[in-house]
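Reader: I have a new model open and would like to learn how to read it. Could you take me through it feature by feature?

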Amino acid sequence: MDQKSVIRLSHCDKDIYCFFVPDQCPECGVSFSGKRLEEAPVSVPSPFSNGHKEPCAFLVTSTDVLRDFDGSSDLHTGISNTSGTVYSYTRSGVQRESQGWERCVCVPLVHTHMFSLRSQWDQYLEQFSSAHTWDPASHSFDEESHNCYSFSLMFINCVLATQSKPALSKDEFTRSFVLPRIKRASKYMMLCREISQNHFYIVDSTHRDSGQGPSEDDDSKNK
Ligand SMILES: [Zn+2]
């Protein structure tokens with residue numbers, strides 16, 4: 001999916017999201033040409049990254065590019081090795097893919113300075129994936145309890161165990177690491193849809209000083 005990048009500018013006490021800086025303010029009509037904006041337009045960082053370029057990461061991708069991350073699409077998860085091959089568990093066993101995960105929400109799992117873990121990562125992942133648990137002949141896929149998510153989380157917990165760290169429950173992992181990023185992706189997709197349809201997405205300015213995406217309460221600010 002061809003993804004334009006979103007920029008934000010401020011005028012008339014509004015935050016104006018768009019794909020390119022307009023000639024005039026969509027609120028008051030004042031021409032921007034030859035004038036300096038009150039604040040320089042900032043680009044809203046995309047919440048997506050190419051999973052094949054994110055080594056040692058937990059990745060979430062959408063199985064439906066048209067509705068991706070809008071809350072109704074099916075999501076698929078996997079783990080990347082150090083060279084960008086993504087391991088994921090499906091009904092037909094563990095897949096090892098070097099393409100198809102170009103648009104992902106990414107949770108990095110290993111700091112760059114953790115050399116010894118990095119050096120063993122591929123071996124851990126390969127061994128883990130070859131276990132009977134993931135062999136369709138001995139265990140069958142289960143939508144609820146034996147799926148791509150349990151594969152990914154169980155691997156993370158195996159790695160944590162090698163580091164003598166406590167395991168993460170599904171709820172903890174989801175709440176702390178996955179949901180905040182999925183929410184950001186949904187918001188960003190909402191922005192893209194609004195801008196595609198109406199050229200702009202305009203909300204009351206919240207005078208944030210960072211280049212982060214819209215905050216949780218953007219939609220409810222109506223003073
Ligand atoms: Zn204006």
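Author: A residue is buried if 20 or more other C-beta atoms lie within 10 Å of its own, exposed if 12 or fewer, and partly exposed in between, with C-beta atoms placed from the backbone. C56 counts as buried because 20 other C-beta atoms lie within 10 Å. Of the 223 residues of the chain, 25% count as buried.

Reader: What should I know about the model itself?

Author: This is a predicted model: local features need pLDDT of at least 70, side-chain atom pairs count only at pLDDT 80 or more, and totals for chains, interfaces and linings use all residues. Residues are numbered from 1 along each chain as its sequence is written. As for pLDDT, it is the predictor's confidence in each residue, from 0 to 100. Here the chain has a mean pLDDT of 87, and 85% of its residues reach 70 or more. Over residues 215-223, pLDDT stays under 50.

Reader: How many helices and strands does the chain have?

Author: Helices (H or I, at least four residues) and strands (E, at least two) are DSSP runs, numbered from the N terminus. This chain has three helices and nine strands. Read from the N terminus, the order is β-β-β-β-β-β-β-β-α-α-α-β.

Reader: In what order do the four strands of the open sheet lie?

Author: Strands of a sheet pair through backbone hydrogen bonds, either parallel or antiparallel. By the rule used here, two strands pair if DSSP finds at least two bridges between them. The order in this open sheet is 3-1-2-9, with antiparallel pairing. Strand 3 (42-43) and strand 9 (201-204) are its edges, each pairing on one side only. Strand 1 (residues 7-11) is joined to strand 3 by two bridges, and V42 in strand 3 is the bridge partner of R8.

Reader: Which helix packs on that sheet?

Author: For this you need contacts: two residues are in contact if their C-beta atoms, placed from the backbone, lie within 7 Å. Helix 3 (residues 170-198) packs on the sheet and touches strand 2 (14-18) and strand 9. I195 belongs to helix 3. Leaving out residues up to four places away in sequence, I195 touches V6, Y17, C18, F19, F200 and Y201. I195 and Y17 are 178 residues apart in sequence, yet 7.3 Å apart in space from C-alpha to C-alpha. I195 is partly exposed, because 19 other C-beta atoms lie within 10 Å.

Reader: And which residues of helix 2 are buried?

Author: An α-helix has 3.6 residues a turn, so residues three or four places apart point the same way. In helix 2 (residues 148-162), the buried residues are C148, Y149, F151, S152, L153, F155 and V159. Their cover includes strand 4 (57-62), strand 5 (75-80), strand 6 (86-90), helix 1 (115-129) and helix 3.

Reader: Where do positive phi values turn up?

Author: One of them is at C56, which has a phi of about 50° although it is not a glycine; C56 sits in the loop between strand 3 and strand 4. Another is H199, with phi near 70°, in the loop between helix 3 and strand 9. H199 is partly exposed, because 13 other C-beta atoms lie within 10 Å. Just after helix 2, S164 has a positive phi of about 55°.

Definitions and conventions: Axes are lines fitted to C-alpha atoms, for helices over the stretch in contact, and angles run from 0 to 180 degrees between N-to-C directions. The expected span of a helix is 1.5 Å times one less than its number of residues.
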